[in-house]
Amino acid sequence: MFSREESKKLREEFWISFGKSFPRKWILYNTKIKNLSFKFYFDKKTAMVSLDLEHTDLEKQIDTWEKLTSLKTVLTSDFLPNAIFEDSYILENKKEISRVYVIKENVSIHNKNTWQETMVFLKENMLKFEAFFEDYSDIIRY
């Protein structure tokens with residue numbers, strides 16, 4: 001077990017190491033679509049790259065989600081075959097969002113032996129998400 005401080009230090013160390021190992025400005029840090037954002041996630045059991053759609057404007061959220069799901073076949077056949085679509089995903093803080101994501105299991109931010117494979121997973125899948133978004137952002141945006 002790790003103390004809260006030790007865990008925080010490991011998390012910081014991982015993200016700093018990731019940034020140094022893959023020094024790149026992610027194109028999709030800002031999608032320019034309100035309430036739609038890309039995220040990296042890594043905890044004690046899994047790593048994830050996701051496209052999150054916040055539920056603030058219901059009509060806009062439904063419209064954007066319908067556009068994303070209409071592209072599901074393209075995303076899964078040409079970019080991310082393991083992409084998971086969840087129209088109702090509950091975050092730890094109990095906030096509801098819609099999410100498209102890919103996940104890697106059996107990795108841990110507390111186990112440095114899994115860091116390299118996790119970094120590669122995050123990098124490769126974000127690149128695929130970016131390629132998809134660049135090709136189809138006009139459809140999602142309007």
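Author: Happy to. Let us begin with ring pairs: rings of Phe, Tyr and Trp (its six-membered ring) pair if their centres lie within 6.5 Å, and planes under 30 degrees apart count as stacked, over 60 as edge-to-face and the rest as tilted. Here, ring pairs link Phe14, Trp15, Phe18, Phe22, Phe40, Phe42 and Trp115 into a cluster. Before we go on, note that this is a predicted model, where local features need pLDDT of at least 70, side-chain atom pairs count only at pLDDT 80 or more, and totals for chains, interfaces and linings use all residues. Residues are numbered from 1 along each chain as its sequence is written, and side-chain values use heavy atoms, with hydrogens and water left out.

Reader: How many aromatic pairs does a search of the whole structure find?

Author: A pair of aromatic rings is described by the distance of the centres and the angle of the planes. The whole-structure search gives 15 aromatic pairs. In one of them, the ring centres of phenylalanine 14 and tryptophan 15 are 4.8 Å apart and the planes stand at 85°, so this pair is edge-to-face. Phenylalanine 38 and phenylalanine 129 also form an edge-to-face pair, with centres 5.3 Å apart and planes at 65°. Helices (H or I, at least four residues) and strands (E, at least two) are DSSP runs, numbered from the N terminus.

Reader: Are phenylalanine 38 and phenylalanine 129 buried or exposed?

Author: Buried means under 20% relative accessible area, exposed over 50%, and partly exposed in between (1.4 Å probe, protein chains only). Both phenylalanine 38 and phenylalanine 129 are buried. Phenylalanine 14 is buried too, at 0% relative accessibility, whereas tryptophan 15 is partly exposed at 30%.

Reader: At what angle do helix α1 and helix α4 pack?

Author: Axes are lines fitted to C-alpha atoms, for helices over the stretch in contact, and angles run from 0 to 180 degrees between N-to-C directions. Helix α1 (residues 4-21) packs against helix α4 (residues 115-141) at about 55°, and their axes are 11 Å apart. That makes α1 oblique to α4; angles under 35 degrees count as roughly parallel, over 145 as roughly antiparallel, 65 to 115 as roughly perpendicular and the rest as oblique.

Reader: Which residues of α1 and α4 meet?

Author: Contact means heavy atoms within 4.5 Å. From α1, Leu10, Glu13, Phe14, Trp15, Ser17, Phe18 and Ser21 meet Trp115, Thr118, Met119, Leu122 and Lys123 of α4.

Reader: What does α3 meet in α4?

Author: The axes of helix α3 (residues 72-79) and α4 come within 11 Å and cross at roughly 135°, which makes α3 oblique to α4. Val74, Leu75 and Phe79 in α3 meet Lys128, Phe129, Ala131, Phe132, Asp135 and Tyr136 in α4.

Reader: Where is alanine 47, and what does it touch?

Author: Alanine 47 is in strand β2 and is buried, with a relative accessible area of 0%. Not counting residues up to four places away in sequence, alanine 47 touches Tyr41, Phe42, Val102, Ile103, Lys104, Val107, Thr118, Phe121 and Leu122. Threonine 46 also lies in strand β2 (residues 46-54) and is buried at 13%.
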